[in-house]
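Visitor: I would like a close look at one part of this protein. Please start with the open space and then go through what surrounds it.

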Amino acid sequence: MIRIENLEFRYAAEAPPVLCSVDAQIDDGQYVALIGPNGCGKTTLAKHLNGLLTPTSGDIWVDGMNTKDSSTVKDLRRAVGMVFQNPDNQMVGMTVEEDLAFGPGNLRLPAAEIGRRVEEALQVVGLAGYEKRPTHTLSGGEKRLVAIAGVLAMQPRYLVFDEPTSFLDPAVKRRILNVIRKLNESGIAIIHVTHDMGEIIESDRVLVMAEGRISLAGTTGDVLSRVEELKAMGLGPPQVTELMWRLRQSGQDVQETILTIDEAVKKISSLILRTSGPGGDGARSGV
C-alpha cells in the first residue's frame with residue numbers, strides 16, 4: 001500500500017505550506033481519484049508518491065519504502081510510475097520503440113526482455129505496430145498513449161495519472177479512460193488526478209483536496225452524493241449525480257447512489273411507472 005502520514009510540504013523554507021497535514025492510504029489494486037480546484041495541491045501531492053518531491057515534514061511509505069530514503073529511489077520509481085499532463089515532458093526517444101525501451105534499458109535488462117515489454121505495452125494501449133513511428137508525428141492522444149506505454153514497460157504496481165485527458169477531444173478521452181480502467185482491472189493501483197468530475201465515476205475511492213488539505217474522502221458514491229459540499233468547494237458534480245440530488249430534494253424516492261446515465265434512466269423510468277398507471281399521472285406527481 002501507499003501510506004501518507006501527516007504530510008506537509010513547502011517549496012521554500014519561508015513559503016507558506018502547499019500541503020498541510022495530509023493523511024491518506026491507497027491500497028494495492030485500488031482506483032483512487034484525486035480531485036479538487038486548481039491550485040489546491042493535487043499535482044504536488046502526486047509528485048510525492050514516487051519521490052519527485054520529498055516531504056518537508058511527515059512521511060510517505062510505498063510498500064514499506066520511505067520516500068525520504070535516497071537508497072530506495074530506484075525501487076520506488078519502479079513501483080510507482082507517473083504519467084504527466086504534457087506527454088512531451090517525458091518523451092526521450094526519436095521513435096516509439098526507442099522511447100518505450102528507454103526505461104527498461106536503464107534497468108539493464110536483456111534486449112529480448114526489453115523488446116517483449118515494448119510489444120506488450122503497445123498492445124495494452126492499442127498502438128501495436130507503432131514501434132517505428134517517429135514520436136514527433138504522433139497526435140496528442142497518441143502521445144498520451146505512448147507515455148502510458150513507456151511507464152507500463154517498467155511494470156509498476158501503482159500508476160499516477162496527472163490530468164491524463166486534458167485538451168483532448170471526447171473520443172480520445174474515452175479511449176484514455178478505457179485504458180486506465182483496463183490497467184486497474186489487471187491489478188495495477190491507479191491514482192487519477194483530475195478536475196473533471198465526470199471522469200471519476202469508475203474509481204473505488206475519491207480524495208477531495210482544498211487549500212492543501214484532504215477535505216473529503218470516501219467511496220466514490222458517498223463523495224459524489226455530497227453535492228452541496230462539493231459545490232461549496234467550487235466543484236461541479238457530474239450531471240447524473242446532480243440530477244439525482246435534485247430529485248431527492250423534490251421529495252422523490254432516490255436513496256441509492258446512482259452514478260451512470262443507464263442507472264439514472266432505469267431509476268427515473270421506475271419512478272414514472274410507480275406514479276402512473278390506472279388513475280395515476282407521473283406529470284402531476286412531479287416526476
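How much space lies in the largest pocket?

Guide: The largest pocket holds about 610 Å³ of space. This is a predicted model: local features need pLDDT of at least 70 and side-chain atom pairs pLDDT 80 or more, while totals for chains, interfaces and linings use all residues. Residues are numbered from 1 along each chain as its sequence is written, and side-chain values use heavy atoms, without hydrogens or water.

A pocket here is an open set of points on a 1 Å grid over the protein atoms alone, where a 1.4 Å probe fits, with protein on both sides within 12 Å along at least five of seven lines; lining residues have an atom within 4 Å of a point. Points join across faces, edges and corners, and the volume is the space filled by probe spheres set on them.

The lining has 24 residues. Nearest the centre are F102, G103, G150, V151 and M154. α2 (73-79), β6, α3 and α5 each supply at least two lining residues. α3 gives the most, 5 residues.

Next, the core. The largest nonpolar core has 30 residues. (Such a core joins buried Ala, Val, Leu, Ile, Met, Phe, Trp, Tyr and Cys through side-chain atoms within 4.5 Å; buried means under 20% relative accessible area with a 1.4 Å probe, protein chains only.) α3 (96-106), α4 (111-125), α5 (140-152), β7 (158-162) and α6 (170-185) each give two or more residues to this core. The largest share, 7 residues, comes from α5. I148, L159 and L183 have the most contacts inside the core. Leaving out residues up to four places away in sequence, L183 touches V124, I148, L152, L159, F161, I188 and I190. (Contact means heavy atoms within 4.5 Å.)

Last, the sheet. Six strands form an open, mixed sheet in the order β6-β7-β8-β3-β9-β10. (Strands pair if DSSP finds at least two bridges between them.) β6 (80-83) is an edge strand, as is β10 (213-219): each pairs on one side only. The twist averages 15 degrees from one strand to the next. α5 packs on the sheet, touching β6 and β7, and its direction makes about 170 degrees with that of β6. (Axes are lines fitted to C-alpha atoms, for helices over the stretch in contact; angles run from 0 to 180 degrees between N-to-C directions.) α6 also packs on the sheet, touching β3, β7 and β8 (189-194), at about 150 degrees to the direction of β8.

Note on methods
Buried means under 20% relative accessible area, exposed over 50%, partly exposed in between (1.4 Å probe, protein chains only). Helices (H or I, at least four residues) and strands (E, at least two) are DSSP runs, numbered from the N terminus.
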